[in-house]
Amino acid sequence: MPGYDIYVPTDLHDALSYLGDYGETTSVIARGTDLLPRLRRRQASAVNLLDISGLDKELRYLRKEDGSYHIGALTTVTDLLESPLLGMEFELIREAARKFGDPQIRNVATVGGNICSASSSEDLIPVFLALDARVKLSSVKGERNLPLKDFIMGKRTVFRKSGEVLSEIELGSLPPDSASAYEKMGRRNILIIALVNEAMVLTTEGDRETVREAHVALNRLAGRVPQRAKATEEFLSGKKLNAETVASAQEILSSELMLKTDFRASGEYRTEIAKVYLKRLLELCAFRIKGT
Ligand SMILES: Cc1cc2nc3c(=O)[nH]c(=O)nc-3n(C[C@H](O)[C@H](O)[C@H](O)COP(=O)(O)OP(=O)(O)OC[C@H]3O[C@@H](n4cnc5c(N)ncnc54)[C@H](O)[C@@H]3O)c2cc1C
């Protein structure tokens, strides 16, 4: 690419050493599906690019160890979709992956790139927020681990230090009587830029009707950052799932959304969709829990 110095590391250690020296002026590039268009449009700037796309051997994997799932940063959306490792309780990951871009984009778009993009329409951020995911950051100084909710700081802003690469996403196993689901609305059926996306992980008591915990994450909440709908979650906890509970939860969600109107849709329209999705996701998760 003209105008940039691109460094192609031989392995992860080499990449981290380079970032240790030049991190302040370097942008990491994975498959470039987000960064390259933004550089071309001058919405992002960089002096040097560190191209980590060749580090598949070290950063592209999905494995289960000690009861947790570990997803390497270069794992693609197609890898998620096709992984036999993620059981039925992780259906929301497959649902988000199926609604992601188109087949060409899914084949290259990486999980790490999606999270680090930290925009308000990324699909995987609400999914991983609902799953209480943690992220691992690697640098020459070592590794640190933090909850994804603390990593996403604002629109296009993540808590990544200049010498660090996002290397892994970690998910815990879900408790018994849990299920998950994902919904996304856009203005077309493929290559959808989300107007609303909403992810849910629901866990019930043994009766499979009383909510023990509900995790609800949306791409915009009280601003433009993907977050968990905490007031809605708190309301649902301990409630029997019936029409009255769902209707009250919808009202609480609508009051904590505070969605703004933009050129794609009005805040009112997005709020109505988010409420409809809340009902749909609760019903779908309850159905899935009963079917397990
Ligand atoms: C046609 C099209 C359709 C799309 N459809 C969707 C969609 O449906 N849903 C959706 O969510 N997104 C969509 N996207 C956006 C994009 O494809 C995704 O966000 C993708 O996951 C980004 O991955 P990448 O490897 O290409 O990231 P890159 O573009 O390489 O990087 C994105 C950002 O993350 C940083 N970064 C990347 N990897 C790391 C790392 N390991 N450590 C530290 N920083 C890192 C980069 O510096 C950059 O800021 C679409 C893009 C296009 C062009």
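Reader: How many residues surround the ligand, and which are the closest?

Author: There are 28 residues around the ligand, and the closest are Val28, Thr33, Gly101, Thr110 and Asp123; a residue is near a molecule if one of its heavy atoms lies within 4 Å of it. This is a predicted model, in which local features need pLDDT of at least 70 and side-chain atom pairs count only at pLDDT 80 or more, while totals for chains, interfaces and linings use all residues. Residues are numbered from 1 along each chain as its sequence is written, and side-chain values use heavy atoms, with hydrogens and water left out.

Reader: What lies 2.7 Å from a nitrogen atom of the ligand?

Author: That is an N or O atom in the side chain of Asp123. Such a polar contact is a pair of N or O atoms within 3.5 Å. A polar backbone atom of Leu166 is 2.9 Å from a nitrogen atom of the ligand, and a polar backbone atom of Val28 is 2.5 Å from a ligand oxygen.

Reader: How much of the ligand's accessible area does the protein cover?

Author: The protein covers 87% of the 980 Å² that the ligand has on its own, by the Shrake-Rupley method with a 1.4 Å probe.

Reader: And what is the shell made of, by class?

Author: The shell has 14 nonpolar, 8 polar and 6 charged residues. Here Ala, Val, Leu, Ile, Met, Phe, Trp, Tyr, Cys and Pro count as nonpolar, Asp, Glu, Lys and Arg as charged, and the others, Gly among them, as polar.

Conventions
A polar contact is a pair of N or O atoms within 3.5 Å; within protein, one must be able to donate a hydrogen and the other to accept it, and residues adjacent in sequence count only if both atoms are side-chain atoms.
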